[in-house]
Amino acid sequence: MVMGTLSQEVETVVIGSGPGGYVAALRLAALGKEVLLIERNKQYGGTCLLEGCIPSKALINAVELKESAENADKFGISFSGVEVDHNKLREWTDGVVSTLSGGIATLLKKAGVEVMCGDAKFTGSNALNVGGNNIEFEDCIIATGSSLNRLPEGIDQSVWSSADALKLKEVPESLLVVGGGYIGLELGLVYQGLGSEVSVVEFNPRLLAGADFDLADIMIKRVSKRLTEVMTESRVLNIEPTNNGFDVKISHNDEEFERHYDQVLVAIGRAPNSDNLGLENTKVVIGDGGFIETDSECKTADAHIYAIGDVATGPMLAHKASREGKVAAEVICGEKVEFDNRAIPAVVFTDPEISWCGLTERRAEELGYQINIGRFPLTALGRARAIGRTDGMVKVISEPDTNLILGVGIVGPHASELISEGALAIEMGATLADLTDTIHPHPTLSEAVMEAAEVAAGIGVHLPKG
Amino acid sequence: MFEFNLPDLGEGIHEGEILKWYIAVGDTIEEDAPLVEVETDKAAVTIPSPRGGKVVSLAGEVGEIIETGSVVAVIDDGSEGVVAVEKTEDPVKKRKKRKIPANSAIPGRPVPAAPSTRRLARELGVDINNLKGTGPGGRVMPDDVKMSVDGDVVELTPETNAASVASAIPFLDIEALPDYSLQGEVEVEPLRSIRRRVARKMTTSMILVPHVAHMDEADVTELEDFRKRAGAEHESRGGGKLTLLSFVIRAITAGLKEAPSFNASLDPLREELIYKKFYNIGFAADTGRGLVVPVINDTDKKSIGEISKELQQKAELARDGKLPLEEMQGGTFTITNVGPLGGTALIPTINYPEVAILGMGRVQEKPVVRNGEIVIRKMLPLTLAFDHRVSDGADAARFVSELIRWLSDPKQLLLDI
């Protein structure tokens, strides 16, 4: 950049520093590209780190510790006066976030990535404007992420979003969670653990409607005991602020009723940040739902503009964004790569956790696959018994003729950690024998994956016949 | 307009080299008149035009490779409707990939393959979803990807190619050839068609099969006398020339019935021996363009006269490049008769996956000892090269001795066969 001018030429630009954008920037730099990273926030890390995955996991861990302490009775351990200091917990969570965000800043600096703060707007297929600065680039990666969906106009906007809930400003006595998907359930359980009476209202007939029913049922059974009220097939009609909370009007099967809650948490999904980017000045095509259309190389319809993560088509998951970021960066550097992954793991940090990858049972049926399912309940597993957590199951979905593994689903403690083996198996094109013949350490929860594969192969030894 | 696609040229044949166009663009061609001559790995085939009309376009130059199913020619036969002539892809490709249909019943379903294998496929320009995997559950393995790329397309240097082979076989060291043009004048031509096919088959056979050669001589004095006498009459009745080879084929067939291990195949992947209960004898024929092996089927059900007649017909067709492919397939045993061109002894290479081959040298009058006296006899040198994985030396000795007994005594041949 020549001083005194407001114009800059750079080889590559990345817009957004979330798990897609900063990873893409680092990979580009590692491959020898000159990189400019544009972030409108003061901190790096995007939704995932600043107001999503990371702070929520910090809170969930704390709550699970408290739950464990309160339920340690059966192990002969009793605690008295388990107290939560909300300020201290908030400090812990903020500390985790700022440490990681600072870590990204250090990585970017050491990699020689130039950073710029501001809102980026395309002025053409090879040019951007950031706060009056013109930037010309050869290739650009859009990684602007997504924003929370808001309730329709007319409904009071002072209710909480998931970002608000993560700030842990207060613990309301009663909390209504609007949306029984993974964000609503995770945060609802956090507040229940911290002392709130939590109810959930969900438009679908079931909580966590995206998961296979047999997996979700195990979670729902345990979670329902902690929730005050679960209202499925129900819709919020109105939220009226009162002097001590909100009066919420809810409809269920043509029946309307009103409840009072101290706070309402709205967790009804997210929408891609594809507007206000000046994309109309490029050839980039925005498709259904505001997602930027991309091909398997993460390329948009504009030859030198790429899009990754939440703003691009596909599930809104940090790990999908990171992988896409690497693909886009490598494609820009001339490598022959594609986003051709067969298993994007889905992970839900409820208690118990749920995870799955590859085909779900329902999706397999929709696609007309012949499938074979092996289920192994944690009640038959030594480690699960030892830690007193038998509320879980692993299921392995395979193809009858070839024994190829098509999908893996897990519910239970540490399901989020256990799913990676399933993802590797599916990506590798593994068969049941590859899982059954691999030694899994004993006694661990990971044995359940091997056991479920054995059940699918008809050679299980730990379940009674019939 | 009529679009003519290159028809199926026979089992396992996906492509052919254009040898000759019989017409040019703008010419008028009659229905069934010869259009193009195409040479496959196995033979040259003349393809007639299925329609008459004006030739609008032809696919490719002489020497180029054309895939079966792709458009060979567009002929204006006066028919209504414009057939899509424009193709986004040139049907003739010098560098082409062998396409095997995906085995998945679900459209759009990706084939199982490790991420590293998928990356390899992209780097070699192979659509992995068109491959059939040899791994468990149909998983596409790195070798499947490499092998799907034709020998002359793999983007590996001769050095890396040699290195990959050398790494598989200890001490095997395939060095890049020096540039001989620095030493003197050379002419370089690409290895193609029949020559390439022979090169592959012979290399496979020599590397895969532990060859043993068993040699002996047959006294064919009486057989030759009989053949001349009977042959003259046979010929005068219009039966054609009665050749020595047809007697050997008949005798070999009888021998194979008694020694099934020479009419077998060994499947090294399944570790199985396959004994064939049918007798299809191939004979090596020199065509000028290279070696081909026409096959005479069911030699156990044919007379020597019938075999002799078929031999002559097939040899002629093969020489002219007109023998249909299916008549060069399905052999169970091969005879190579280099005798008419000379040779006192030879060690033939087995026509894999067969397990034995008989080499015939030149019949020569030789002094031999009979009952303590030196007499002049007509001797036929014979070599049986066999697969030592399947048979042993003693089996071969018995097999060849029996063969010699028949060839030495035409009466025995008549009695036993």
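These legends accompany close-up views of a predicted model.

**View 1**
In soluble globular proteins, nonpolar side chains tend to be buried together.

**View 1. The surroundings of I142(A).**
Neighbours within four places in sequence are left aside here.

**View 2. Helix α1 of chain A, mostly covered.**
The helix spans residues 21-30, and nine of its ten residues are buried. The buried residues are G21(A), Y22(A), V23(A), A24(A), A25(A), L26(A), R27(A), L28(A) and A29(A). Strands β1 (7-15), β2 (35-39) and β6 (133-142) of chain A are part of the cover. Helices α2 (46-51), α4 (86-110) and α8 (318-332) of chain A also contribute to it. G32(A) follows α1(A), with a positive phi near 95°.

**View 3. Helix α13 of chain A, mostly covered.**
Ten of the eleven residues in this helix, 447-457, are buried. They are E447(A), A448(A), V449(A), M450(A), E451(A), A452(A), A453(A), E454(A), V455(A) and A456(A). These buried residues pack against strands β19 (372-377) and β20 (393-398) of chain A. They also pack against helices α11 (415-428) and α12 (432-436) of chain A. Just after α13(A) comes G458(A), where phi is positive, about 75°.

**View 4. An open sheet of four strands in chain B.**
The strand order is β1-β8-β6-β3, with antiparallel pairing. β1 (2-5) and β3 (28-29) of chain B stand at the edges. Each has a single partner strand, so one side of each is left without a neighbour in the sheet. β3(B) pairs with β6(B), residues 53-58, in the antiparallel sense over two bridges. T28(B) has K54(B) as its bridge partner in β6(B).

**View 5. Where chain A touches chain B.**
Here 16 residues of chain A are in contact with 14 residues of chain B. The chain A side has six nonpolar, five polar and five charged residues.

Methods
Residues are numbered from 1 along each chain as its sequence is written. Chains are lettered from A and ligands numbered from 1 in the order in which they are written. This is a predicted model: local features need pLDDT of at least 70, side-chain atom pairs count only at pLDDT 80 or more; totals for chains, interfaces and linings use all residues. Two residues are in contact if their C-beta atoms, placed from the backbone, lie within 7 Å. Ala, Val, Leu, Ile, Met, Phe, Trp, Tyr, Cys and Pro count as nonpolar, Asp, Glu, Lys and Arg as charged, and the others, Gly among them, as polar. Two strands pair if DSSP finds at least two bridges between them. A residue is buried if 20 or more other C-beta atoms lie within 10 Å of its own, exposed if 12 or fewer, and partly exposed in between; C-beta atoms are placed from the backbone.
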